[in-house]
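Open the model in your viewer and keep the selection panel at hand.

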4 protein chains.
Amino acid sequence: MPKVSSDYREARRRQIVDAAVACFARQGFHRTSMQDIFAASGLSAGAVYGYFASKDDIVAAVADERHALEAALFADALAASDLRQGLHDLVHAYFDWLRDPAEQERRRLAVQFWAEALSDAHLAQRVSRGEPFRAELATAIAGAQRSGSFAADLDPDAVARVALAVLQGFVLQQAWEPGVDIDRYVAVVDSLIDAGFGP
Amino acid sequence: MPKVSSDYREARRRQIVDAAVACFARQGFHRTSMQDIFAASGLSAGAVYGYFASKDDIVAAVADERHALEAALFADALAASDLRQGLHDLVHAYFDWLRDPAEQERRRLAVQFWAEALSDAHLAQRVSRGEPFRAELATAIAGAQRSGSFAADLDPDAVARVALAVLQGFVLQQAWEPGVDIDRYVAVVDSLIDAGFGP
Amino acid sequence: MPKVSSDYREARRRQIVDAAVACFARQGFHRTSMQDIFAASGLSAGAVYGYFASKDDIVAAVADERHALEAALFADALAASDLRQGLHDLVHAYFDWLRDPAEQERRRLAVQFWAEALSDAHLAQRVSRGEPFRAELATAIAGAQRSGSFAADLDPDAVARVALAVLQGFVLQQAWEPGVDIDRYVAVVDSLIDAGFGP
Amino acid sequence: MPKVSSDYREARRRQIVDAAVACFARQGFHRTSMQDIFAASGLSAGAVYGYFASKDDIVAAVADERHALEAALFADALAASDLRQGLHDLVHAYFDWLRDPAEQERRRLAVQFWAEALSDAHLAQRVSRGEPFRAELATAIAGAQRSGSFAADLDPDAVARVALAVLQGFVLQQAWEPGVDIDRYVAVVDSLIDAGFGP
DNA sequence: GATGAATGAGACTTCATTCAT
DNA sequence: AATGAATGAAGTCTCATTCAT
């Protein structure tokens with residue numbers, strides 16, 4: 001019978017994860033020492049290790065959280081009956097999300113995870129690289145092609161990849177230049193979607 | 001008058017940079033120790049430090065090399081009189097380049113530099129983030145809009161950003177999945193260019 | 001007047017000491033953490049520290065218990081009027097004790113205490129190293145020599161040391177090889193005793 | 001091509017092993033920190049780790065050295081044609097060895113290894129527990145029994161175990177009491193050997 | 001009395017860099 | 001110029017012990 005509630009433990013985990021996210025976003029996780037996390041979280045070494053087994057475990061927790069968030073966003077994005085409208089909606093939801101400064105900070109982390117996933121197989125599995133979205137989108141595109149509403153000569157998976165690239169590339173550019181204009185970018189993306197569906 | 005020829009020194013630098021690139025691509029540069037580079041290059045610690053002042057200095061040299069290569073590719077890509085054709089040519093040149101396994105290895109590095117540039121201001125200046133290309137392309141697009149050959153309602157800089165994103169996103173996806181089909185992706189990109197220029 | 005009965009406290013101490021003995025026997029006491037003892041005893045950190053002031057205090061309690069047990073065995077072993085018979089009886093009692101698996105486990109601990117006593121002066125005083133037995137035996141041997149029943153040319157203390165060594169060496173060997181044959185060893189020891197007393 | 005000779009490296013290893021032996025003998029190896037070894041050896045952390053991969057590796061090297069020394073002593077001890085004389089010679093050689101204060105210090109270590117071998121399977125294989133000696137002695141005893149020169153009713157292996165115990169027990173007692181009289185102990189052991197072989 | 005989360009000193013180890021040879 | 005042994009600061013993690021609840 002624990003002395004503290006499950007809520008209490010959860011709050012402490014949050015405290016640690018949030019501290020880690022802040023440190024990682026600022027300095028990158030390789031440059032972030034456990035001492036940095038202790039200081040940022042206001043907890044002692046022992047306390048932090050009571051919640052996470054290792055630094056890698058914290059990184060994994062942060063990655064899992066991101067993964068879950070992205071998965072949630074994409075989850076029913078394509079459930080819309082009308083693909084064209086669904087895509088427009090998804091794009092707007094996605095880029096609206098990117099207006100939040102807190103989310104921008106977390107995106108800096110996402111970029112680091114992308115890189116880290118290249119040399120850490122264990123992390124690679126926990127990093128959101130858009131696969132589910134790409135797969136769903138490709139299926140939806142293929143459907144649209146069969147129904148004649150989408151250009152038939154393009155490979156659905158390749159189209160999905162380009163769509164994903166448009167999102168990923170923007171995340172990257174925004175991470176480098178936080179002030180980049182979102183609206184104008186979205187306008188181009190919208191016109192791209194329409195171009196695919198024809199007049 | 002140097003004791004050893006400049007060629008000799010240059011060959012040694014190459015040896016070190018190549019070894020570093022191989023290590024970085026495989027393990028990421030934070031996980032790559034100087035010992036790893038000594039072993040991979042076949043040189044001693046003292047020898048390596050005779051050519052580079054620090055690990056950061058090697059990283060900078062690697063980044064500079066990449067930067068120069070990319071700059072060269074984009075340099076006259078847009079010098080073509082016909083923008084539409086110039087873009088198609090650039091895209092084909094760019095993606096052909098990505099068929100080379102050696103280049104793919106170097107691209108894994110590029111992705112790491114993207115991430116690193118977020119927390120290392122010094123490195124940020126040496127990492128190719130496509131700015132010159134974007135600027136030139138935006139200018140060219142604006143010109144095309146004035147001459148009526150490109151959709152007038154889109155922001156030229158945003159269009160350039162999307163174009164860049166399409167390249168960056170693919171580099172990312174290829175780094176994760178080396179087997180991704182290039183031809184199908186290029187076909188979509190080609191059709192995108194044509195969509196921008198209208199029928 | 002204590003709040004809880006003395007019996008209750010005693011039962012808790014047992015619980016802790018038993019848990020510690022089990023852990024120490026398995027992993028050695030340096031490799032046994034207090035956490036291990038908490039887990040093995042089923043008590044909380046605070047509870048254990050309510051009974052023992054420190055880890056060393058637990059170790060001391062375990063050592064004291066062993067010391068008391070061995071002292072009890074040897075106590076009246078040599079009170080017998082006939083030394084030869086007394087020795088045979090002692091040996092049989094001692095080795096019968098070593099047939100008990102629980103005692104064998106405790107003996108693994110004894111071996112650790114032997115080693116630890118070399119570098120921990122505080123513990124050295126609480127570890128049974130056979131001195132009282134040796135002293136008594138030497139006195140008894142000297143008596144037997146005066147009465148002509150034991151070989152006169154041997155130093156009584158040295159004889160006692162050899163006798164002790166025969167017990168200690170076996171404890172060591174049994175700790176390493178729990179399956180070692182006790183009966184055959186005892187037979188040799190018996191014949192050794194008889195050899196000392198002559199035909 | 002190493003810059004320093006193999007002798008140089010060997011000397012450094014010695015320096016480290018000797019420092020470790022001194023520390024271990026004094027404080028036990030669990031209480032000996034790597035810092036202690038750095039200080040005792042006069043080398044830096046990095047230097048020590050250039051020769052040994054870990055603390056355990058140093059412990060293993062120390063254990064191996066002991067093992068080799070003991071093996072060498074016992075190696076041809078029993079090669080003598082006359083077992084009785086061979087045993088007397090071995091005993092005298094063994095106990096003479098124990099007169100050396102440096103050897104006494106190393107023996108304190110041996111006792112610690114005995115204990116450690118109980119909970120560290122990896123170390124157990126590197127610790128001399130007298131098996132080869134015991135096996136050879138048992139074989140020799142069996143031979144002597146067949147030729148009628150040794151008491152036929154005793155189990156050869158048990159006799160060998162008792163003989164080993166007499167050595168082990170003394171090592172233990174001497175570790176506790178460095179001043180213990182060797183000559184008197186040897187005299188008893190000699191008479192024990194003779195008792196086994198009869199008049 | 002009991003709980004167990006928290007503390008923080010200190011353990012082991014790595015690694016960028018230097019410098020005598 | 002080259003070598004590679006040496007340096008030592010700094011990193012991650014453990015664990016005996018305390019104390020608010």
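## Start at a salt bridge

Select A:E177 and B:R161. These two residues form a salt bridge, with their closest N and O atoms 3.0 Å apart. Keep in mind that this is a predicted model.

Now widen the view to the whole boundary. How many salt bridges are there between chain A and chain B? The count is 10. Polar contacts can be traced here too: 18 residue pairs are in polar contact across the interface of chain A and chain B, both residues at pLDDT 80 or more.

## The helices at the boundary

Next, color the helices of chain A. Select α1 (6–27), α6 (101–116), α9 (156–176) and α10 (182–197). Each supplies at least two residues of the side of chain A that touches chain B. Which one gives the largest share? Pick α9(A): 14 residues of that side come from this helix.

Show every residue in contact between the two chains. On chain A there are 43, and they meet 43 residues of chain B. Switch to a surface view. Together, chain A and chain B bury about 3,800 Å², and 65% of that is on carbon and sulfur atoms.

Now highlight A:L118, A:R161 and A:W176. In chain A, these residues lose the most area to chain B, together 20% of what that side buries.

Superpose chain A on chain B. A rotation of 180° with 0.0 Å of shift along its axis does this, at an RMSD of 0.2 Å. That is the relation of a two-fold axis. Compare the two sides as well. Of the interface residues of chain A, 100% are also interface residues in chain B, so the copies meet through the same surface.

## Into the cores

Hide the surface and select A:F24, A:I58, A:F95 and B:F95. In the largest nonpolar core, which has 134 residues, these four touch the most other members. Center on A:F95. Which residues does A:F95 touch, leaving out those up to four places away in sequence? They are A:L167, A:F170, A:I182, A:Y185 and A:V186.

Then jump to C:L109, C:V162, D:V21 and D:F113. They are among the members of a second, separate core of 133 residues.

## Last stop: the other chains

Finally, show chain A with chain C. The two do not touch, and their nearest C-alpha atoms are 11 Å apart. No contact joins chain D to chain A, and their closest C-alpha atoms lie 21 Å apart.

How values were computed
Residues are numbered from 1 along each chain as its sequence is written. Chains are lettered from A and ligands numbered from 1 in the order in which they are written. This is a predicted model: local features need pLDDT of at least 70, side-chain atom pairs count only at pLDDT 80 or more; totals for chains, interfaces and linings use all residues. Side-chain values use heavy atoms; hydrogens and water are left out. A nonpolar core is a set of buried Ala, Val, Leu, Ile, Met, Phe, Trp, Tyr and Cys residues joined through side-chain atoms within 4.5 Å. Buried means under 20% relative accessible area, exposed over 50%, partly exposed in between (1.4 Å probe, protein chains only). Contact means heavy atoms within 4.5 Å. Copies are superposed by least squares on the C-alpha atoms of residues with pLDDT of at least 70 in both. Buried area is the accessible area (1.4 Å probe) that two parts lose on being put together, summed over both. A salt bridge is a side-chain nitrogen of Lys or Arg within 4 Å of a carboxyl oxygen of Asp or Glu. A polar contact is a pair of N or O atoms within 3.5 Å; within protein, one must be able to donate a hydrogen and the other to accept it, and residues adjacent in sequence count only if both atoms are side-chain atoms. Helices (H or I, at least four residues) and strands (E, at least two) are DSSP runs, numbered from the N terminus.
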